[in-house]
Amino acid sequence: MTRAKILVARAIFPETIEKLKTHFEVESNQADETWSPSQLADRLKDKAGAFTTGTERIDGALLDGCPHLRICANMAVGYNNFDVDAMTAHGVLATNAPDVLTETTADFGFALLMATARRVTESEHFLRAGKWTKWSYDMFAGSDIHGSTLGIIGMGRIGQGIARRGAMGFGMKVVYHNRSRLDAAIEAQCGATYVSKEELLRTADHVVLVVPYSAASHHTIGEAELALMKPTATLVNIARGGIVDDAALAKALKDKRIAAAGLDVFEGEPKVHPDLLTVPNVVLTPHIASATVPTRRAMADLAADNLIAYLTRGEALTPLNPAVIGAAKAS
Ligand code: 8YV
């Protein structure tokens, strides 16, 4: 029996490649080259499946040249790299990797919040530079986490994980804003109260962004929103680049309009707005919120299992456009 051909678009665990090879003819990018859209399209034109990592754009223009493609499995919960409507129109199943990274990503949201509010990296740079010569009453005095007000914008699975940590672990007052209000039972489990975006920005000591990226959420935080925040507030973005207007944020940090920011994601990453690199009151990390070994393994397994389930049995574990499965069965 001929085996389906698949492409693994980035370097990934060797064990994942081996697992995929038991089912498919695999072309992989273990050299971890960064391919242009046309290089990716060229490699996909004879493939039935793609293992993607959240960074490869899959849209109508690419799909027009990939007549055999049946599934793209993203090793990420976010899927703004997929044009899901175009994929559905081309009969290509889209899958993502939800749930397996929720707690790890929520942990990291807190790590970044604490590092930012307590000025961990700024003070470490000071120490490493040999500048620590005496005690000083206000040296790297930051803001408290415990007992403060945490504002969460985007209250999906990860947002709820951050709310639970804040309310139950740190005795924070938790307020949230979301497209739709959560059920009262979930609000109670998270210890969180629904407020308008404006009230959240005005009252929160710490604002954490966990909202998915879309045209509607582009620049959820820009100059006007930063102006509403307390001058003592911190802002943390573990959602996506583009949710924050990075140029406006760099200016607000420079002007001390807000106290500090922690950013794991950036507009146009892996490039970072140059002004963010020059302000001291920002903690910058290279999109690592889900990066623990067990979680990245679980994400890779889920993406691989989606490819195996769909291309060998016509099923999927975490489909984003399940109508494609029914349409494929009917034809
Ligand atoms: C991925 C993420 O590592 O799952 C997501 O949505 O942001 C991360 O866990 C990232 O998408 C890789 O590009």
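What share of the contacts in the chain with a separation of 6 or more is made by residues 24 or more positions apart? Such residues account for 64% of these contacts, two residues being in contact if their C-beta atoms, placed from the backbone, lie within 7 Å. The structure is a predicted model, in which local features need pLDDT of at least 70 and side-chain atom pairs count only at pLDDT 80 or more, while totals for chains, interfaces and linings use all residues. Residues are numbered from 1 along each chain as its sequence is written.

The chain contains 13 helices and 12 strands; helices (H or I, at least four residues) and strands (E, at least two) are DSSP runs, numbered from the N terminus. The radius of gyration, taken over C-alpha atoms, is 22 Å, close to the 20 Å from the globule rule for 331 residues, so the chain is as compact as a globular protein of that length. The globule rule is 2.2 Å times the number of residues to the power 0.38. Along its principal axes the C-alpha trace spans about 75 × 50 × 35 Å. Of the 331 residues, 42% are buried, a residue being buried if 20 or more other C-beta atoms lie within 10 Å of its own, exposed if 12 or fewer, and partly exposed in between, with C-beta atoms placed from the backbone.

The domain assignment, which is automatic or from a database, gives domain 1 (5-98 + 293-330) and domain 2 (102-284). Their C-alpha centres lie 32 Å apart. The contact between them takes 4 residues from domain 1 and 6 residues from domain 2.

Several loops hold backbone features of note. Glu-269 and Pro-270 are joined by a cis peptide bond with omega of about 10 degrees, and Pro-270 lies in the loop between β11 (260-263) and β12 (282-284). Asp-32, in the loop between β2 (25-28) and α2 (37-44), has a positive phi near 55 degrees. Asp-32 is exposed, with 9 other C-beta atoms within 10 Å. Asp-99 has a positive phi of about 70 degrees and is found in the loop between β5 (93-95) and α5 (102-117). With 13 C-beta neighbours inside 10 Å, Asp-99 is partly exposed.
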